[in-house]
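Reader: Could you give me a close look at the side-chain contacts around the charged pairs and the aromatic rings, with the cut-offs stated as you go along?

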Amino acid sequence: MEATAPAADGQRPTGALSLALSGGGARGIAHLGVLAALDELGVPVERLAGVSSGAIAGAFYAAGYPPREVLRLLLATNVARLTRPAFSRLGLLGLDAVEQLLARHLGPTVRFEDLRLPLTLVATDLVAGESVYFSEGLLLPPLLASAAVPIVYRAVEYQGRQLVDGGLLNNLPVEPLLPFAAPVVGVHCNPINREARIPTLRRLVERTLHLAISANTAYRKTQCALLLEPPALRHFRPLDYGRAGELFDIGHRYALGQAAELRALLA
């Protein structure tokens with residue numbers, strides 16, 4: 001686990017924050033930059049909630065992985081190998097390779113209770129049409145479900161439910177954090193690009209999903225004591241994994257620029 005650096009002004013923060021980490025595909029790599037900045041600023045995190053790519057970033061951080069190490073793991077991963085066709089009636093791609101990768105680094109039987117920080121993950125129950133929150137028991141099934149984009153990936157069968165990407169109904173999971181005293185900071189990686197060009201059907205599908213999912217975050221943003229939404233992320237697409245370094249740097253720089261606001265929440 002990466003040691004927490006002291007604050008630049010020599011004063012240690014007296015409280016801690018809760019973080020809600022949105023989904024966003026490759027844009028979610030910016031979460032790692034934000035988490036690295038919090039460590040460098042000496043801003044402690046008390047608990048996390050995440051969905052989709054935010055769930056993966058939150059799980060590694062809660063397990064004690066330094067954010068820059070997670071970035072190195074990502075850069076060393078062939079993302080194309082994680083999209084092996086399954087051609088089932090519930091999705092085009094399987095999650096077996098993703099599961100093996102997560103199990104290798106987090107442990108195949110890791111439980112929420114094993115993590116160094118409390119973590120809540122959200123998935124969507126396709127049949128019940130509702131969000132489902134997980135914060136105890138096995139970690140990997142809810143983690144895979146939280147990131148299983150509907151139609152693209154097979155639904156994850158767990159606890160008698162058909163589970164897919166939690167961002168479908170809740171792409172900024174603040175609800176599990178609100179009952180606690182720590183201020184909630186939302187990290188949202190999906191700013192709308194109001195100058196976007198839509199020249200192809202693929203771009204049209206991406207834009208439609210982006211707008212639909214963004215709609216469910218509007219009220220949740222107002223529930224945050226502070227919202228971190230790096231505007232530069234609007235220029236990136238959900239599959240821009242080849243630009244991981246840039247995405248990390250955007251989140252990192254943006255969070256460092258919010259140092260005063262973050263420390264004010266700890267007073």
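Author: A residue is called buried under 20% relative accessible area, exposed over 50%, and partly exposed in between, with a 1.4 Å probe and protein chains only. With that scale, R161 is partly exposed at a relative accessible area of 25%. The model is a predicted one, in which local features need pLDDT of at least 70 and side-chain atom pairs count only at pLDDT 80 or more, while totals for chains, interfaces and linings use all residues. Residues are numbered from 1 along each chain as its sequence is written, and side-chain values use heavy atoms, with hydrogens and water left out.

R161 forms a salt bridge (a side-chain nitrogen of Lys or Arg within 4 Å of a carboxyl oxygen of Asp or Glu) with E130, and the closest N and O atoms of the two are 3.3 Å apart. This pair links distant parts of the chain, since E130 belongs to strand β6 and R161 to strand β8, 31 residues apart; strands (E, at least two residues) and helices (H or I, at least four) are DSSP runs, numbered from the N terminus. E130 is itself partly exposed, at 35% relative accessibility, and a network of salt bridges links D125, E130 and R161.

Two aromatic pairs are found in the structure, where rings of Phe, Tyr and Trp (its six-membered ring) pair if their centres lie within 6.5 Å, and planes under 30 degrees apart count as stacked, over 60 as edge-to-face and the rest as tilted. One of them joins F134 and Y158 in a tilted arrangement, 5.8 Å centre to centre with 50° between the planes. Because F134 lies in strand β6 (residues 130-134) and Y158 in strand β7 (residues 156-158), this pair ties together parts that are 24 residues apart in sequence. Both F134 and Y158 are buried.

Between strands β7 and β8 (161-165) runs the loop that holds Q159, whose phi is near 55°, a positive value in a residue other than glycine. Q159 counts as exposed, at 57% relative accessibility.

The other aromatic pair is formed by F60 and Y65, whose ring centres are 5.1 Å apart and whose planes stand at 75°, so the pair is edge-to-face. F60 and Y65 are both buried.

Charges also sit over rings, a contact that requires NZ of Lys or CZ of Arg within 6 Å of the ring centre and within 35 degrees of the ring normal. R116 lies over the face of Y61, 4.8 Å from the ring centre, and R47 lies over the face of F180, at 3.6 Å from the ring centre. R47 has a second contact as well, a salt bridge with the side chain of E46 at 3.7 Å, N to O. In this pair R47 counts as buried at 18% relative accessibility, whereas E46 is partly exposed, with a relative accessible area of 32%.

A further salt bridge joins D240 and R243, whose closest N and O atoms are 3.8 Å apart. D240 counts as buried at 17% relative accessibility, while R243 is partly exposed, with a relative accessible area of 32%. The pairs described here are among the ten salt bridges that a search of the whole structure finds.
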